[in-house]
Amino acid sequence: METLILLGSPSDKPVTTKGLQILRDFGVSFDLRVASAHRSPELVKELVHGFENQGGETCICVAGKSAHLAGVVAAHTIRPVIGVPVYTPETAGFDALLSMGQMPKGVPVATMGLGSAGFINACLFTISIIGRKSPGMSQKLLEFREQQVRDVVSADASERESFRP
Ligand code: RP5
């Protein structure tokens, strides 16, 4: 398994749909599990040790509210930990964003943006990391970027407007 994806709650799962498809498209192996830093701390530790023993490359942590999951995971491993904060309405997701982004020095969490876009970027970041050891994966990532350029050019062609009074 190349990446371990931990969700703080099943309610976080909708955020992962598009990113998981990207991992599948790139052929990245993953395990997705639910484990909470607060409600099941021993399970979190067990899963992180299993991830290290299996030679996992990154751990992506998806959590909302006072989201300690990524920081706790990072405390148990020196492998790259990527945090994806999840929006909750009470504070518009800032609680989770700051919990992950404002880690004290010494134990880093690579924090992405909120929600589905943040999870997509976490998956692409994982692919960049794995790509350092896999030329095939790097090539696919370059092609993915080139496709994005083509998509923007095509959107420009269909959406552009001009007005001159
Ligand atoms: C966090 O609290 C989870 O990551 C989730 O985003 C949030 C709410 O969890 P539930 O009350 O929906 O289980 O632990």
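Modeller: Let's start with residue classes: Ala, Val, Leu, Ile, Met, Phe, Trp, Tyr, Cys and Pro count as nonpolar, Asp, Glu, Lys and Arg as charged, and the others, Gly among them, as polar. On that count, the shell around the ligand has one nonpolar, four polar and two charged residues. This is a predicted model, where local features need pLDDT of at least 70 and side-chain atom pairs pLDDT 80 or more, while totals for chains, interfaces and linings use all residues. Numbering runs from 1 along each chain as its sequence is written, and side-chain values use heavy atoms, with hydrogens and water left out.

Colleague: Which residues are around the ligand?

Modeller: "Near" requires a heavy atom within 4 Å of the molecule. Here that gives G8, S9, S11, D12, R39, A63 and G64.

Colleague: Okay, and how far is the side chain of D12 from an oxygen atom of the ligand?

Modeller: For a polar contact, look for a pair of N or O atoms within 3.5 Å; within protein, one must be able to donate a hydrogen and the other to accept it, and residues adjacent in sequence count only if both atoms are side-chain atoms. D12 puts a side-chain N or O atom 2.6 Å from a ligand oxygen. For the side chain of S9 the distance is 2.7 Å, and for a polar side-chain atom of R39 it's 3.3 Å.

Colleague: How much of the ligand's accessible area does the protein cover?

Modeller: Areas like this come from the Shrake-Rupley method with a 1.4 Å probe. On its own the ligand has 360 Å² of accessible area, and the protein covers 71% of that.

Colleague: Now the fold. How many helices and strands does the protein chain have?

Modeller: Both are DSSP runs numbered from the N terminus: helices are H or I with at least four residues, strands E with at least two. This chain has six helices and five strands, running β-α-β-α-β-α-β-α-β-α-α from the N terminus.

Colleague: In what order do the strands form the sheet?

Modeller: Strands pair when DSSP finds at least two bridges between them. The open sheet reads β2-β1-β3-β4-β5, with parallel pairing. At the edges, β2 (30-34) and β5 (110-111) each pair on one side only.

Colleague: Which residue of β5 is the bridge partner of I82?

Modeller: That's A110. Strand β4 (residues 81-86) pairs with β5 in the parallel sense over two bridges.
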